[in-house]
Amino acid sequence: MNGRRIFTRPARIAAVAPYLWMVLFFLVPFGFVLKISLSETVIAQPPYLPTFDIFAGWEALRAALAKFSTDNFYLLATDDIYIFSYLRSVTVALTATAILLVIGYPVAYAMAKLPRRWQAIAMMLVVVPFWTSFLIRIYAWINILQHDGLLNSVLLALNIIDKPMPWLSTDSAMYLGMVYSYFPFMILPLFATLAKMDGTLLEAASDLGCSRLKAFWFITVPLSLPGIGAGALLCFIPIAGEFVIPDLLAGSDNMMIGQTLWLEFFTNRDWPVASAIAVVMLALLLVPLLVYEHIQRKQLEHG
Amino acid sequence: MARSLHKPSAVNIAALALGLAFLYLPIVILVIYSFNASRLVTVWGGWSLQWYRELFNDGAMLSAAWMSLRVGVVAASAATVLGTLAAIGLARGGFFRGRTLFSGMLYAPLVMPEVITGLSLLLLFVAIDAGRGFWTVTLAHTTLTMCFVTVVVQARLNGLDRSLEEAAMDLGCSPARAFASVTLPLIWPSIAAGWMLAFTLSLDDLVIASFTTGPGSSTLPIRIYSEVRLGVKPEINAVCTLIVAFVATVIVVASLASKLSNDRGENAAPL
């Protein structure tokens, strides 16, 4: 294994540039978010205090640090607006993920049963919309759901309804948009585990007198748990932080936390509160992220 | 796999067909409406290209598209170099100090809500007093998309037969030479696919670009978004159709490249 050892060092050297890049543009920015979340809002440019002057020396830095306050976090914990936003995000993300699981599983299962050749084509067909702009996909639904949109026209023409229904700006429209946007995120991990499954286990089960439904419930479902976990988390985390979908499809009375952050930042120009929202959001999402990481490592160990 | 799970039943086929219809129907409807001569969505006024004509007279939309294309090309190229290097480090570097942090940083942006990534990058740019515009958006997109490139290229590297590289080195190749003449040609299709993925993601991004861009330099999604908020316009159907056509072309090329690499053996990235 001499060759492998020769290759290791250059590979590590290759990783130096991206490593530094990610530290500089991914890790360090969180330091700034944390710092500004502890700052005070002012009407100035930039709109927060204290600001650091890196060249002012240690004393100035200490004086600035002394001005840090946890007021923004206190606000988040006491103001109903923020608490409701977080709760709504979690509720919406859980509901959407559950719907995705229920409708995604049969599709992934059907894909796994296709012959090899067709599997590749089906996968391609699922991936293409995932690559197509999500903004366009949301917009496509606005075309259908709006007041004089396709859905109302069709329902009116079929005499199912006698006046146009307000589909847009409702929670149903938002859930539809979310399920639509994250559909491939759910299907792909499910399909990956289902396609790897050993079919002989099901044959053995049926040989031993197990009904197909029972075999599905006691063999297929437990074996696909890693895929269910991965798919659920891949959907749950980004949905919880969604901004665009609720903004374009849901009503404006119940905001998700991503929208609240956006509002604080762009409309109220309250950067410290926006940062504090981001810090708490990150802390809450770290839990499922770590679970996901754990699942992935387990999958890797099992090969 | 000896035999697959059983044969697909009628129920399975129906589920798959419904799922695919769900995915494609809204896009197909959008494309059809972009050729509608009538301004009203309910009224079909016959086929027409007038919304495309209006689109090409919309200066703001065209300059946004130009900005998006430039950002996409620069960001995707930088992301491909950095992401490929990162993938090499992760796939061939063994266990080094800080590896967990490194891979954590590379995987986190894949799932993290974009509002957080966007906000944190903006605060960095403000803190270092960088003028916001083309370069800040490009930098932000490079950071986000290199993570996707890493995943794609790393999957391919993990699937490669290492004995090929080792054989080259046993025969007297330096590691750099072995990499350039053995590894690189084998992972080339996934690098190309990574570039295209990075490019389409950059072209698609609204949230991060909104945070990191400055006044007067909006990207195409920002422009579309501000129009969409004001209601449905047939021009938007047209621009969306053009983007869909463009992305579809890119994907077909990327998947052909990926298929090419598949045909040479080994399982490639999930593309």
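1. Helices (H or I, at least four residues) and strands (E, at least two) are DSSP runs, numbered from the N terminus. By that rule, chain B has eleven helices and zero strands. Its elements run α-α-α-α-α-α-α-α-α-α-α from the N terminus on. The C-alpha trace of chain B spans about 70 × 60 × 30 Å along its principal axes.

2. A note on the basis. This is a predicted model, in which local features need pLDDT of at least 70 and side-chain atom pairs count only at pLDDT 80 or more, while totals for chains, interfaces and linings use all residues. Residues are numbered from 1 along each chain as its sequence is written, chains are lettered from A in the order in which they are written, and side-chain values use heavy atoms, with hydrogens and water left out.

3. Now the record. An unreviewed UniProt entry lists residues 12-32, 81-108, 120-142, 173-194, 215-239 and 271-292 of chain A under "transmembrane region". UniProt positions are given in the numbering used here, feature names are shortened, and annotations may be inferred rather than shown by experiment. Take residues 120-142 of chain A: the span is 91% helix and 0% strand, and its end C-alpha atoms lie 31 Å apart. Residues 173-194 of chain A are 100% helix and 0% strand, with end C-alpha atoms 30 Å apart.

4. Next, helix packing. The axes (lines fitted to C-alpha atoms over the stretch in contact, with angles from 0 to 180 degrees between N-to-C directions) of α7(A) and α9(A), residues 171-196, come within 10 Å and cross at roughly 140 degrees. That makes α7(A) oblique to α9(A); angles under 35 degrees count as roughly parallel, over 145 as roughly antiparallel, 65 to 115 as roughly perpendicular and the rest as oblique. The crossing is right-handed, meaning that the near helix is turned clockwise from the far one by less than a right angle.

5. Helix α9(A) also meets chain B. Its axis and that of α1(B), residues 10-33, come within 11 Å and cross at roughly 115 degrees. That makes α9(A) roughly perpendicular to α1(B).

6. Last, the cavities (on a 1 Å grid over the protein atoms alone, sets of points where a 1.4 Å probe fits but cannot get out; lining residues have an atom within 4 Å of a point). The structure holds four of 30 Å³ or more.

Notes: On a 1 Å grid over the protein atoms alone, a cavity is a set of points where a 1.4 Å probe fits but cannot get out, and a pocket is an open set with protein on both sides within 12 Å along at least five of seven lines; lining residues have an atom within 4 Å of a point. Grid points are joined across faces, edges and corners, and a volume is the space filled by probe spheres set on the points.
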